[in-house]
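Here's a quick briefing to read alongside the model.

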Amino acid sequence: MQIIDRLLEAPCYIMDFLPRQTPKDGSGQFFKVENYLLNHYGRYGLRERYTRVILKAMCYYPVSVHWGGWIEQPLPDQMAEIIDTIMENHSGDMNMLFTSKNALLQFGWDCLNISIYNPDEEMCILFERIAASEGLFWRKSE
């Protein structure tokens, strides 16, 4: 867990359904839209998008997943089950270490993005392409 704590302090990029952070003045309806999408995720294919992003990332790098304990090189059906559990229970977080890259992917139910900490330039290029393939946006966290 120390490696996760250390990586959480590294630069962070996100895959998001929005192209940029919403205004701080709150003039839009972000929280209403977020609440709606979190409670109707099935209608908009969010679970499928998140699953495909994570499975695509697993094709390029060795991973270890923290979900109750550590799972080395999880099988695709294990990852799909983890994401299903998080989405259906409306709670939970999953941490995925890219062991050869010293990077961390974090997925949690309560936000509509996937966070990736400490990606190198190669990973940023790849994740930008993966995000675009799933109708998501890749950007540095603000």
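Leaving aside its neighbours within four places in sequence, which residues is Asp16 in contact with? They are Leu112, Asn113, Leu136, Phe137 and Arg139, where contact means heavy atoms within 4.5 Å.

Before going on, some ground rules. This is a predicted model, so local features need pLDDT of at least 70 and side-chain atom pairs count only at pLDDT 80 or more, while totals for chains, interfaces and linings use all residues. Residues are numbered from 1 along each chain as its sequence is written, and side-chain values use heavy atoms, with hydrogens and water left out.

- Asp16 sits in strand β1 (residues 12-16); helices (H or I, at least four residues) and strands (E, at least two) are DSSP runs, numbered from the N terminus.
- Asp16 counts as buried because its relative accessibility is 6%; buried means under 20% relative accessible area, exposed over 50%, and partly exposed in between (1.4 Å probe, protein chains only).
- Arg139 belongs to strand β7, and it also counts as buried, at 12% relative accessibility.
- The side chains of Arg139 and Asp16 make a polar contact at 2.5 Å. That term covers a pair of N or O atoms within 3.5 Å; within protein, one must be able to donate a hydrogen and the other to accept it, and residues adjacent in sequence count only if both atoms are side-chain atoms.
- The Asp16 side chain also reaches the backbone nitrogen of Leu18, at 3.4 Å.
- Not counting residues up to four places away in sequence, Arg139 touches Tyr13, Ile14, Asp16, Leu18, Pro19, Arg20 and Gln21.

**The sheet**

- Seven strands make up an open sheet with antiparallel pairing, in the order β3-β2-β4-β5-β6-β1-β7; two strands pair if DSSP finds at least two bridges between them.
- At the edges are β3 (70-72) and β7 (137-140), each of which pairs on one side only.
- On average, neighbouring strands of this sheet are turned by 20° against each other, direction ignored. Axes here are lines fitted to C-alpha atoms, for helices over the stretch in contact, and angles run from 0 to 180 degrees between N-to-C directions.
- Helix α5 (residues 121-133) packs on the sheet and touches β1, β4, β5 (103-108), β6 (113-117) and β7. The direction of α5 makes about 145° with that of β7.
- β2 (residues 63-66) and β4 (residues 93-98) pair in the antiparallel sense over four bridges, with Ser64 having Leu97 as its bridge partner in β4.
- β4 and β5 run antiparallel and are joined by six bridges; Phe98 has Ala103 as its bridge partner in β5.
- β4 is mostly covered, with five of its six residues buried.

**Helices α3 and α4**

- How do these two meet, and at roughly what angle do their axes cross? The axes of α3 (residues 46-58) and α4 (residues 76-89) come within 10 Å and cross at roughly 145°.
- The residues making this contact are Leu46, Arg47, Tyr50, Thr51, Ile54, Leu55 and Met58 of α3, and Pro76, Met79, Ala80, Ile83, Asp84, Met87 and Glu88 of α4.
- Those contact residues divide into ten nonpolar, one polar and three charged. Ala, Val, Leu, Ile, Met, Phe, Trp, Tyr, Cys and Pro count as nonpolar, Asp, Glu, Lys and Arg as charged, and the others, Gly among them, as polar.
- Met58, found in helix α3, counts as buried because its relative accessibility is 19%.
- Not counting residues up to four places away in sequence, Met58 touches Val63, Pro74, Leu75, Pro76, Met79 and Met96.
- Met58 and Pro76 are 18 residues apart in sequence and 8.6 Å apart in space, C-alpha to C-alpha.

**Two asparagines with positive phi**

- Asn102 is in the loop between β4 and β5, a hairpin with four residues between the strands.
- Phi of Asn102 is near 55°, a positive value in a residue other than glycine.
- Asn102 is partly exposed, with a relative accessible area of 32%.
- Asn118 lies in the loop between β6 and α5, and it has a positive phi of about 65° although it is not a glycine.
- Asn118 counts as partly exposed, at 25% relative accessibility.
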